[in-house]
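Thanks, everyone. I will keep this short. Please look at the model first, and then I will walk through it.

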Amino acid sequence: MLHTFIALVDDKPGVLTRVASLFRRLSVNIVSLTVGESERDGVSRMTIVCEGAENAAHRIRASLYKLEVTREVDEVSRAEAVIRELCLIKVGAGPNSPHGVHSRTQIFELAQVFRARVVDLAPESIMLEMTGSASKIEGLLQVLRESSYEVLEVSRTGRMAMRRGHHTSKVLKALGTKTAAETPVAYPVRPEEDDLPNQFEEEEA
Amino acid sequence: MTDTIDAIRNTTLTGSEILWATLVGEGVSTVFGYPGGAILPIYDALRKFPIHHVLVRHEQGASHMADGYARASGKVGVCMATSGPGATNLVTGLATAMLDSIPMVAITGQVSSKVLGSDAFQEVDITGITLPITKHNFLVTRAEDIAPTVRLAFQIAQDGRPGPVLVDITKDAQQASCIFNFEDAAPPPARPHPMLRAESGAILQAIELIKNAKKPIILAGHGINQSGAEAEVIAFAERMHIPVASTLLGLGSFPASHPLSLGMMGMHGESWVNNAIQEADLLLAFGMRFDDRVTGNLASYAQNAKKIHIEIDPSEINKNVKVDVALIGDLREVLQTLLPMLPASNDAAWLKQINASKGQAAVRDIVNLPDNGHLYAAHVIHDIWREAVAAGRETETIIVTDVGQHQMWEAQYFRHNAPRTLVTSGGLGTMGFALPAAIGAKMAAPEKDVWVIAGDGGFQMTAAELSTIVQEKLHINIAVINNGFLGMVRQWQEAFYDKNYSCSPILSPDFVKLADAHGIPAAHITQRKEVTPIVTKARTGSTPFLINFAVEKEDGVYPMIAPGSALHEMVRRPNPLIETAED
């Protein structure tokens, strides 16, 4: 099954190697890994999605926290967090493409339905930008391919995750830190779906 | 020590001087190392500081010495090497310390920061190389960062589950200058360990399990020693009347002569210990990690038993063996919490049952065999122990073993009644460990009798350190258990490879002459009756002493659990031992 970890780590050289090396050591395949700045100075935030047995989560989490560069680790499931990914897709859309001169209007329509944005327009191609759950991105890609569009390039950021509600990590809770998260936050157990009905519903929760 | 720190507070020092000053401030009195190009500024500054530097003969020796020093004293061991090959030679010692959770700080010189990554002469990415075999490591490129980093390294090495930390310091950082202030360089408080608190719910659950157990066993691990929980474990075992089985590294944490002590468990553990674990209805794992060498086949391991795991490292929980209750935390603190909550028990039936099962195994024990003119390693080791007991030096004797058959015989036949009296490489099983580690142990505890027990194979791996012993004028006694084979390899080849002794016979130099070449008195022993007198001579002398024990060539360590077999499926010593001895 897929596990999603959020790790707050020191923003220093070599930190990514330490985290990546840990997964290598445990023979756990990383599905996606995103790193970027967090709300704190000197602290990077990583979202790591990996494939592992159900009981592997505890050990991965404890091992992540064992790294001296790790400040906090949290594990989130789809129900309690917003998980998003950004994707850039370049699609062939010139007069010589399979759909010929109609390519562009059709891609525009598709983009609108999937809430993707057109961010670049060239004589032979269109670049789309899309944010959403991994399954939604895969949905758009599948429609493009099955409709015989030529997908020239795909670049995906990998997933980012953040707990819903006014909430800090479980780690802070375990520490006894009083946060606003102590007050229960009303949010549906099953999160509201992105407005678009999606046949490619992911089964990763 | 504080004088040194006071005298130089807020003065401008070079990075090299700052390193030594910081080590002095951290309480270091001895370091083990070897100089070289990229660490010359540090060696140049040494003369100004009250630290004794032990010049080793190979950097691997330095790492094992720091390790032995740490194991014998409980303090952080420090080793030092230059860049490139000096640093890579530390690798085996760092891995050894990592696998056995030994607090150690390794300082390596590095090429100047300006040429980092350019394949400069003697440049190697040692922080990259040691990443998986250190608890943490640092690359320092500025003099200002030396004191804070080294202080942090000492904190990390000792905090939580201890381990080795490497600090790689570039030559320009060693040469640059800045203002030194030891106090200002103090590390921030150790990271919080949110999971390191035994939850009250789990404690209550544990208490219920303990109260209801009819056949409980304590599995005593290295964590007892690391946590300083020896007294608590004795109090716990006595209060609840629970027998205690030890892991290899747990030996000495619970007195071997205590009526509740069963002995060592695992692959070469005594039959009654392993049988008792298989029959137990509750295992109390105290600071141990269910290594494959103590569990045998996991699928059939202690299936009747509930398991309570008290452990400081959350990543060890459910790693190998699924436990019913996990108490995460410092063993001593957890036991102190548990103890007053438990009603005392006097139920002696279980211990009686275990003791009754010893009978046949004890009769067949090699130690009880009459002297038939042949010399057995088990006899030698047992006699070293008996000699120490007779001289009243038993708890004042540190045995440092190498790895292999003699190591297991030591564990079986030397009864350790005091903590830190056995220094052995358990997790990594590093041959060549004994001789250098003994140097570290002797430097840490000069008042103790220190014995190296090594096989002829492992001894040759690091025999160059004999020179170090002489140079440092250390009284270390060396027992080479010489059977002309890589004994444990041979035993496995005998058991699992059809006696195809591929590359296990090993030629050795005349160890007596080798010792002589170093100015070390030595003796060659072939008869059991000669053992005790020569051991006394070695112990009571004032110089190092080497004894070459020419023991039975094809003896085996028994009982033995074949890999993949269950803990109770032990291979016993072949009965007609006396016949083979008459060959």
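Start with a term. A nonpolar core is a set of buried Ala, Val, Leu, Ile, Met, Phe, Trp, Tyr and Cys residues joined through side-chain atoms within 4.5 Å. Buried means under 20% relative accessible area, exposed means over 50%, and partly exposed is in between, with a 1.4 Å probe and protein chains only.

Now the ground rules. This is a predicted model: local features need pLDDT of at least 70, side-chain atom pairs count only at pLDDT 80 or more, and totals for chains, interfaces and linings use all residues. Residues are numbered from 1 along each chain as its sequence is written, chains are lettered from A and ligands numbered from 1 in the order written, and side-chain values use heavy atoms, without hydrogens or water.

So, the cores. The largest nonpolar core has 60 residues. Those with the most contacts inside it are B:Ile217, B:Leu219, B:Phe236, B:Ile277, B:Phe286 and B:Leu327, where contact means heavy atoms within 4.5 Å. In soluble globular proteins, nonpolar side chains tend to be buried together.

Next, chain B as a whole. It has 26 helices and 22 strands. These are DSSP runs, helices being H or I with at least four residues and strands E with at least two, numbered from the N terminus. The C-alpha atoms fill a box of roughly 70 × 65 × 45 Å along the principal axes. Of the 583 residues of chain B, 59% count as buried. Take contacts between residues at least 6 apart in sequence: 76% of them join residues at least 24 apart.

Which helix is mostly covered? Helix α2 of chain B, residues 15-25: eleven of its eleven residues are buried. B:Glu17 and B:Trp20 are among them. Just after α2(B), B:Gly27 takes a positive phi of about 90°.

B:Ala302 is not a glycine, yet its phi is positive, about 40°. It is in the loop between α14 (292-295) and β13 (306-311) of chain B. B:Ala302 counts as buried, at 0% relative accessibility.

Over to chain A. A:Arg115 has a positive phi too, near 60°. It lies in the loop between α3 (103-113) and β6 (117-121) of chain A. Buried or exposed? A:Arg115 counts as exposed, because its relative accessibility is 53%.

Last, a cis peptide bond. It runs from B:Tyr558 to B:Pro559, with omega near -5°. B:Pro559 is in the loop between β20 (545-550) and β21 (560-561) of chain B.
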